[in-house]
Amino acid sequence: LCGGQPVRRVEPDVMQRIVDRMVETGGGVTTVAMKNGLPIPGFEPDPTDGKFRETLFIGDEITDDRYFHGAERVAGPNGQNLIKIVNEVGAQALRLRLVGRGAAQSPGGEEGPDGLALMIEAHDAITFSKALNKCTDLIDHIREKHTEYVKGGGVSRVYREFLSYTH
């Protein structure tokens, strides 16, 4: 009982229609699962150690833009963006790390020949789902910032303002 309201039992067929509607309007099974902190269908733990893993590629256009500093933006100052995700998910059994070109410039990053990627490793499905959701949101945000950056001529807003005062 919540707030004095009786709890109503929902029949399985009604619940299935509700879930189907959420999936239909919410962007698919994976999106609905991630947004609601549910295990994601199709993601299975590694049989050797039981951990869930996923690699999210940032994109070569961001990796190759040496003035945008994509790895630093993903990690945040002193790795704060990744630390925030770990704290929000609330799991000690979660590991996030940047790998690929430019990653060594960020805390805990590992340089590699391939494009920049964010690796997620979790011990359970719920932690993995929550972390995947937050990491996807972070990367989408960085991609939006890069698009704005490129539309602005590839220079920061502060520098554009500086140029406008000097000319």
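Arginine 73 lies over the face of tyrosine 149, 5.9 Å from the ring centre. (A charge counts as over a ring if NZ of Lys or CZ of Arg is within 6 Å of the ring centre and within 35 degrees of the ring normal.) Before we start: this is a predicted model, where local features need pLDDT of at least 70, side-chain atom pairs count only at pLDDT 80 or more, and totals for chains, interfaces and linings use all residues. Residues are numbered from 1 along each chain as its sequence is written, and side-chain values use heavy atoms, leaving out hydrogens and water.

**Exercise 1.** Find the other ring under arginine 73, and work out how the two rings are arranged.

*Solution.* 
- Step 1: Look at phenylalanine 68; the charged end of arginine 73 sits over this ring too, 3.9 Å from its centre.
- Step 2: Search the whole structure for aromatic pairs and you get 2. Rings of Phe, Tyr and Trp (its six-membered ring) pair if their centres lie within 6.5 Å; planes under 30 degrees apart are stacked, over 60 edge-to-face, and the rest tilted.
- Step 3: The rings of phenylalanine 68 and tyrosine 149 have centres 5.1 Å apart and planes at 55°, so this pair is tilted.
- Step 4: Now place them on the chain: phenylalanine 68 is in the loop between α3 (60-63) and α4 (70-75), while tyrosine 149 is 81 residues away in helix α6 (residues 125-151). Helices (H or I, at least four residues) and strands (E, at least two) are DSSP runs, numbered from the N terminus.

**Exercise 2.** Decide whether phenylalanine 68 and tyrosine 149 are buried or exposed.

*Solution.* 
- Step 1: Set the cut-offs: buried is under 20% relative accessible area, exposed over 50%, partly exposed in between (1.4 Å probe, protein chains only).
- Step 2: Phenylalanine 68 comes out at 0%, so it's buried.
- Step 3: Tyrosine 149 has 10%, so that one is buried as well.
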